[in-house]
Structures are given as structure tokens and as C-alpha cells.
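I am opening a notebook on a structure that is new to me. I will look up a few things and write down what I find.

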Amino acid sequence: MGRKAAFTMLFLLLIVNSTTASDAARLTLPSGMSNPLTIRYPELARAPAPVAIKEGLRATYEMVAGSPDITTEGNVAFVGGDTGAGLVQVTVVALDGEEAATWTEAFYPDPTTGGMKKVNFYGSVNPAGCGDFWCNPDVLRSIPERADEDLYVDRGKYELGGREYDVIRFSFQSQGISLIMIYDLNTGILLHHTADYTSTMPEEGGGIHSRGQHAIMRLSGLREVSIPWRDGTVPSWVQPGTTLLFQGQHYFWLPQLPDVAPTASPLDVELQIQKVHKRFFEGRQQARTAEAVQLTYVPLVSGIAQLMGLWVPQEALSLPTGVVDSDPNTGMVVSVLYSGQDGLVMEETNNDNYMLTATYDSSGRIVQTVTERRSGTASAERDVLQLVM
């Protein structure tokens, strides 16, 4: 397994094991694992968001991931597998009363060019007092230290980026899952997170095969994303039960063979709006491809402080063309290509191996997307989708 595959598989596995179709938007840590703290300490779920948490705030984590294979026969353990490294970004796209909506994206560097390509994404909705990368610091300071079989809590110092923090550390273990979360006691920001997941199955001859997934995440930066329509409102067409069906084509080609035509296969994507709030909506995405054995879904949110989301407010239709935001960690630049009373066209690209173009109609509804991804000079893909209902 290659480095990219190891990283992507880890992220997908953590998400699959932490969500269900009936609770699709409740992923509560940057790894995709559910945070046990709001269950152990319900006061966190009732607390307000920390002062540091605002709409548009983005946390970037460096992530090192591995997926070793371990086969045990007698007293001998055989270890294989691979590791990968990348970035995970979590953006606060809406604060709405007692709830916070976030958008998480994972990136992996192209082995040829080094460009950070988007490999995964999902939305999450959690209590404002304990979100994906924070917990209310007043509540954290009141939590006593403890040492149990499944949960260990202590305080101390933690050095990150040449700075020393006063922190509280939680170590949680249950049914093959091990989580470590280290929070800054001053701001409540998650500084360090480790997630491990292990599954086992019997081997022929009496051995046991273990599949382990491991991720170490460290905060590398916080910044406020530029949102030009922060005072906008959710469009009236956004209603619970609304379904947006997109149809199109998936194209694949080899850049080194310019005379060979791209292969094309049908692609359908269904977006379901399940719950609407004042500042965002939540739902899920289902994708259908010719190669898929079963349908896959991704939990979604689309909020007022989200770029390249599923809707834009009316205020966006009068934006000037040009760059809206540039991310220093991933190199992703978001720009307005066209704006007018008939709609809006926006682009997100790292000018290397990833580009997304999104078209919105006069009501702010997304009606077309074109996504292009390249793997160095080895291969290229393009997804073209249009709204049909």
C-alpha cells in the first residue's frame, strides 16, 4: 500500500466507525472519531463556545497516519503496512445558538510536485461548548484529575511550535479505540490528538491478523478565513427534505498519452437537506458510480461562513471578481470568476493538481461543479456534475 493510500484509508475508516446514517453530522474530532468528553462531562455540551471560537476560524493540523498489518503466530508478531503524512483543516462555518457547524477537509501532498491535493471532506454539527477542535476552557479547568481503566485525566505542560502551554490531557480507551486529546487550558483549543483503531480476525492455522489504524495530529496554525458575505442569510429554497440531484460524467486520462481519449463513466450525486438552522443547514451526500459496489455517503453542512459551499446568500451576487481567500498552508486560492444578478461562479485551486469550479444560480443554489485532480504527470481525473432536479 502506498503512502497516499494509507493516509486516505485511515481517514475513511475513522469516519465509517464513528457515524451512522441516522446521525450523519455528529463527527466530533479532527480524526473523524466521536469525542467521549461530552458524554463523560455533560456540562461541556451545555457550555457556551470559547471566546476564541468565531465563524470563519480555521484550525490546521499536521497529521501523520499509519495502517500497519500485524499477524501473530505463537509468540512472533509480523508487522507490515505503510504510513503517510498530510494536513487536516477544520473550519467553523456557523455558530447558531447552542450548536456549531464545521467543515473538515484532508489534504495529501503530491509525491511529484508537493502540491496539497484534497482527498476527503465531511461536515459536522456539535455543541458550541465542545466542538471539533475546542472545549470550553472554564469547564476544562474544573474537571478533576482521574486514573481509571478507560479514562485517564491529568494536567501539565505541553510544548508546541516553540511555545509552552498549560494543558489538560485526556486518554480514553474502549473496544479497540484509543484516543488522546490535549487542550490548552487558556483558550480551550485542541493542541494534540492521537487516534488509534484496531480490529482483529482469525487466520488459517490458528494465527490472528490485526489491522491497526493510527493517526497523530498536532495543531500547526489558526487563522480567520475571509468571508465576504458574513451578514448574509440562508436562502428561502433551503428547506428540510429538499433533495438536489446532480448527474454527469467522471473522466480519466493519462497526460503522458495525449493521443488517447479520456475514458468516461456516469456519475450521480444526491444531496439531501435534513435540518435547517438560521446560519446553516445539515444533510448528507450520496454518490453513485458505475464501479461502486454499494452507495457511499458523506455527512454535509453548508454554513454562512463557508466558501465553496452548497449555497451562497444574495449578497454574494454583487461581489467583484478576484481573489477572496488564500490559504498559506495548502496553497488553495478561492476566487470569484463571475458575479451578476443571474448567478455566481467561484473557483478553488492550488494552481498545481486540484481545481474546483462551482456555479450558483440567481437564488444562490449550486447548479454545477467541475472538479479536476491530477497525480503528478501519471494520471488525471475530472468530474462534471449538473443539477437536474
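Before anything else I note the cut-offs I need: a residue is buried under 20% relative accessible area, exposed over 50%, and partly exposed in between. The model is predicted.

**Entry: overall make-up**

I looked up the secondary structure and found 4 helices and 24 strands in the protein. I then checked burial: of the 389 residues, 53% count as buried. The accessible surface comes to about 17400 Å². Carbon and sulfur atoms hold 53% of that surface. For the contacts with a separation of 6 or more, I noted that 56% are between residues 24 or more positions apart.

**Entry: salt bridges**

How many salt bridges does a search of the whole structure find? The search gives 17 salt bridges. I looked at some of them one by one.

I began with Arg-279 and Glu-55, whose side chains meet in a salt bridge at 2.6 Å, N to O. This pair links distant parts of the chain, 224 residues apart. Arg-279 sits in the loop between strand E16 (263-276) and strand E17 (280-289). Glu-55 sits in the loop between helix H3 (42-46) and strand E1 (57-66). Is Arg-279 buried or partly exposed? Arg-279 has a relative accessible area of 22%, so I list it as partly exposed. Glu-55 has 12% relative accessibility and therefore counts as buried.

I went on to Lys-118 and Glu-105, where the side chains form a salt bridge at 2.7 Å, N to O. I recorded both Lys-118 and Glu-105 as buried.

Next I took Arg-169 and Asp-154, with a salt bridge between their side chains at 2.9 Å, N to O. Because Arg-169 lies in strand E11 (residues 163-174) and Asp-154 in strand E10 (residues 151-160), the pair ties together parts 15 residues apart in sequence. Arg-169 is partly exposed at 34% relative accessibility, whereas Asp-154 is buried at 14%.

I also found a network: salt bridges that share partners join Arg-58, Arg-223, Asp-325 and Asp-327.

**Entry: the disulfide**

I searched the whole structure for disulfides and found 1. Which two residues does the disulfide join? The partners are Cys-130 and Cys-135, with an S to S distance of 2.4 Å. A disulfide is a covalent bond between the sulfur atoms of two cysteines. I checked how accessible each partner is. Cys-130 is buried, with a relative accessible area of 2%, and Cys-135 is buried too, with 0%.

**Entry: His-193**

I located His-193 in strand E13 (residues 190-202). Its relative accessibility is 0%, so His-193 counts as buried. What does the side chain of His-193 reach at 3.1 Å? I found the backbone oxygen of Ile-180 there. Leaving out residues up to four places away in sequence, I listed what His-193 touches. Among them are Leu-29, Pro-30 and Ser-31, along with Leu-179, Ile-180 and Met-181. The list also includes Ala-215, Ile-216 and Met-217.

**Entry: Met-332**

I found Met-332 in the loop between strand E19 (322-326) and strand E20 (333-340). Met-332 has a relative accessible area of 4%, so it is buried. Apart from neighbours within four places in sequence, its contacts include Phe-107, Met-116 and Lys-118. Lys-118 is the residue I noted above in a salt bridge with Glu-105. Met-332 also contacts Asp-325 and Asp-327, both of which I recorded in the salt-bridge network. I checked one further pair: Met-332 and Asn-351 are 19 residues apart in sequence and 7.9 Å apart in space, C-alpha to C-alpha.

**Entry: nonpolar cores**

Which residues have the most contacts inside the largest nonpolar core? I wrote down Trp-229, Leu-307, Leu-344 and Met-346, in a core of 48 residues. I followed Trp-229, again setting aside neighbours within four places in sequence. Its contacts include Leu-307 and Met-346, as well as Ile-304, Val-312, Pro-313 and Leu-319. A second, separate core has 46 residues, including Leu-151, Tyr-158, Leu-160 and Leu-190.

How values were computed
Residues numbered from 1 in each chain as written. Predicted model: local features only at pLDDT ≥ 70, side-chain atom pairs only at ≥ 80, totals over all residues. Heavy atoms only, no water. Disulfide = S-S within 2.5 Å. Buried < 20%, exposed > 50% of the residue type's maximum accessible area, 1.4 Å probe, protein only. Salt bridge = Lys/Arg side-chain N within 4 Å of Asp/Glu carboxyl O. Helix = DSSP H or I, 4+ residues; strand = E, 2+ residues; numbered from the N terminus. Polar contact = N/O pair within 3.5 Å; in protein donor to acceptor, adjacent residues only side chain to side chain. Contact = heavy atoms within 4.5 Å. Areas by Shrake-Rupley, 256 points an atom, 1.4 Å probe, with all protein chains shown as cover. Core = buried A, V, L, I, M, F, W, Y, C linked by side-chain atoms within 4.5 Å.
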